[in-house]
Amino acid sequence: MAISQTSAQPLASTADIAVSVRNISKKYNQTEALRDLSLDFPKGELTSLLGPSGCGKTTLLKIIAGLLDANSGTVQVGGQTISGPGPDRAFVFQDFALMPWANVIRNVAFGLELRGIAKSEREAIAEKYIASVGLTGFEKSFPHELSGGMRQRVGLARALSVDAQVLLLDEPFSAVDEQTRRKFQEDLLSLVQNENKTFIFVTHSIEEAVYVSDQIAILLPRPSRVSEIIRPSSFRGKSVDNIRRDPEYLDIVDQIWASLRSYVE
Amino acid sequence: MFIFGYKLPAMSSLILWALLWEVIGRLELTFFMPAFSTVIATLIELVQTKVFQKALSETAYAFSVGVGASILIGIPTGILMGKSRLLDEMLLPWVNIFISAPLSALVPVLMVLFGFGTKTIIITTALFAVWIIILNARAGVMQINRSLVEMARSFGAGPFTAFYKIYFWAALPEILGGVRIGVIRAVKGVIIGQLLVSIVGFGALFELYSSNFLMAHFWAILLVLFALAFAIAEFLSFLERKVAFYATKR
């Protein structure tokens, strides 16, 4: 089992931690969702939160986003304890959360609009990110005219355009088809490499988590806690075409399945 | 509809009904029904009179103030009720009582409270319109996609910004539906109010014409009112269709 529990790669020092979650507990009425959970998210890396359904991974992500309040514990982003949503974090939603009455460019610029940036300026920024997610020509389209994959590109462009240090992605690819999803995963890898941002990525797909992550936190449910942290080492530098054939990739996928199997009904 | 390969314009069946009216009127079966052409002739005469124009402007004034007030009060109240559980629990019973209540029975009370004038009519109009506007705005807000609200919050929107940038727009199809029905009810409200107060606007004219058996005048006024109410309702459903593109895709 010790194949990639990379003690060989020591965890980065505190200066390199973008988001730090300390002793978080969360209860919904009587149900304990998270208990005393602590986790660090290294700067410039993609960390996946992976676990069976109901393990509180989305709850944890929303606490980091400041959308939910924890019952106890603290979340620090860039060394500052957070008390709500902030400009240092941007969220990508599972169901895209686009405004159906607004066209693509207004949706992408919405985060900037809320910050009071002038229209011409925010549209210039939005256009740049629309181009970077490959939606040039669709600026004036409305969400209902786009496919699921294109809608999530809009959601991604919106999150990128506010230039937050931390990107929170809540199962962003689960509502798009398999082929689009693979393309997204490849794009996400180059995004992590080029953007120097910290990504926190919630998924229920083991393969997806292993494919895109620098660090995988396995959460086990009832109540949720971090059961192990896996840092793949050998295939991260390889080209996207070779990852799925890498022995370490296959081993980690098997290892995670072995530890999650008993929690799946 | 097509006849002999020609496409008939919308509502051309009305011509047939007008012809039937004309025939019944010409037969002089009852004084109650003058011929359609007589009614139209009276109408054209009538709309040029001072009396009519005064009645029209009084009615339009009471109607627009009443509708304006019920929109301005109804939409925010409905949105707030949809957002706040406490407010909803407190207000919903009242809204449900008033939406089904026979409001005409309240008008005499209003007359005592607010006098025999425009004020009473405005309040009657608003009372007819406001409840359905509240209920629809509330329903619109309650079906809002939660993640849209979370999205606005996560990008830094405060409660007020979220209110007019997200809640209002997300509930707009329902709100407009409520306004359309509310406006139709307001037409009833303004006329019922005027009839009961009976010294203002079209109410006074109705009273005058029917008690003097001026049936052509009576029908002419009625036609004007029907046409106005219909035109307003059509205009609002035109607005509703403009937001329909996203109503089904939220």
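Predicted model: local features only at pLDDT ≥ 70, side-chain atom pairs only at ≥ 80, totals over all residues.
**View 1. Chain B as a whole.**
Chain B contains 11 helices and 2 strands. Both types of element follow the order β-β-α-α-α-α-α-α-α-α-α-α-α from the N terminus. The C-alpha trace of chain B spans about 70 × 60 × 30 Å along its principal axes.

**View 2. The contact between chain A and chain B.**
Chain A brings 17 residues to this contact, and chain B brings 15 residues. On the chain B side, at least two residues come from each of helix H7 (146-154), helix H8 (159-170) and helix H11 (215-247). H7(B) gives the most, with 6 residues. The chain B side that touches chain A is made of 7 nonpolar, 4 polar and 4 charged residues.

**View 3. Helices H3 and H10 of chain B.**
Helix H3 of chain B covers residues 50-83, and helix H10 of chain B covers residues 201-211. Their axes come within 7 Å and cross at roughly 135°. H3(B) and H10(B) are therefore oblique to each other. From H3(B), the contact uses Val51(B), Ala55(B), Glu58(B), Thr59(B) and Ala62(B). From H10(B), Gly201(B), Phe202(B), Ala204(B) and Leu205(B) meet them. By class, this contact of H3(B) with H10(B) has 6 nonpolar, 2 polar and 1 charged residues.

**View 4. The two domains of chain A.**
Domain 1 of chain A puts 6 residues into the contact, and domain 2 of chain A puts in 5 residues. The domain 1 side of chain A has 5 nonpolar residues, 1 polar residue and no charged residues.

**View 5. Helices H4 and H5 of chain A.**
Helix H4 (residues 119-132) and helix H5 (residues 148-161) of chain A have axes that come within 9 Å. The axes cross at roughly 130°. H4(A) and H5(A) are therefore oblique to each other. The crossing of H4(A) past H5(A) is right-handed. H4(A) makes the contact through Ile125(A), Ala126(A), Tyr129(A) and Ile130(A). H5(A) makes it through Ala157(A), Leu160(A) and Ser161(A). The contact of H4(A) with H5(A) divides into 6 nonpolar residues, 1 polar residue and no charged residues.

**View 6. The mixed sheet of chain A.**
In chain A, 6 strands form an open sheet with mixed pairing, in the order E6-E7-E8-E3-E9-E10. Strand E6 (89-92) and strand E10 (225-230) of chain A stand at the edges. Each has a single partner strand, so one side of each is left without a neighbour in the sheet. On average, neighbouring strands of this sheet are turned by 20° against each other, direction ignored. H5(A) packs on the sheet and touches E6 and E7 of chain A. The direction of H5(A) makes about 175° with that of E6(A).

Strand E7 (residues 166-170) and strand E8 (residues 198-203) of chain A run parallel, joined by 5 bridges. Here Leu169(A) stands opposite Phe201(A) in E8(A). Strand E9 (residues 215-220) of chain A pairs with E10(A) in the antiparallel sense, also over 5 bridges. Ile218(A) stands opposite Glu228(A) in E10(A). The hairpin of E9(A) and E10(A) has 4 residues between the strands. In this hairpin, Arg222(A) takes a positive phi near 50°.

**View 7. The antiparallel sheet of chain A.**
A further open sheet of 4 strands in chain A has the order E2-E1-E4-E5, with antiparallel pairing. Strand E2 (31-42) and strand E5 (80-81) of chain A are the edge strands, each pairing on one side only. Strand E1 (residues 17-28) of chain A and E2(A) run antiparallel and are joined by 8 bridges. Ile24(A) has Leu37(A) in E2(A) as its bridge partner. Helix H1 (residues 57-65) of chain A packs on this sheet. H1 of chain A touches E1, E2 and strand E4 (72-77) of chain A. The direction of H1 makes about 120° with that of E1(A).

Notes. Residues numbered from 1 in each chain as written. Chains lettered and ligands numbered in written order. Contact = placed C-beta atoms within 7 Å. Nonpolar A, V, L, I, M, F, W, Y, C, P; charged D, E, K, R; others polar. Axes fitted to C-alpha atoms, helices over the stretch in contact; angles between N-to-C directions. Parallel < 35°, antiparallel > 145°, perpendicular 65-115°, else oblique. Left-handed = near helix turned anticlockwise from the far one by under 90°. Pairing = 2+ DSSP bridges.
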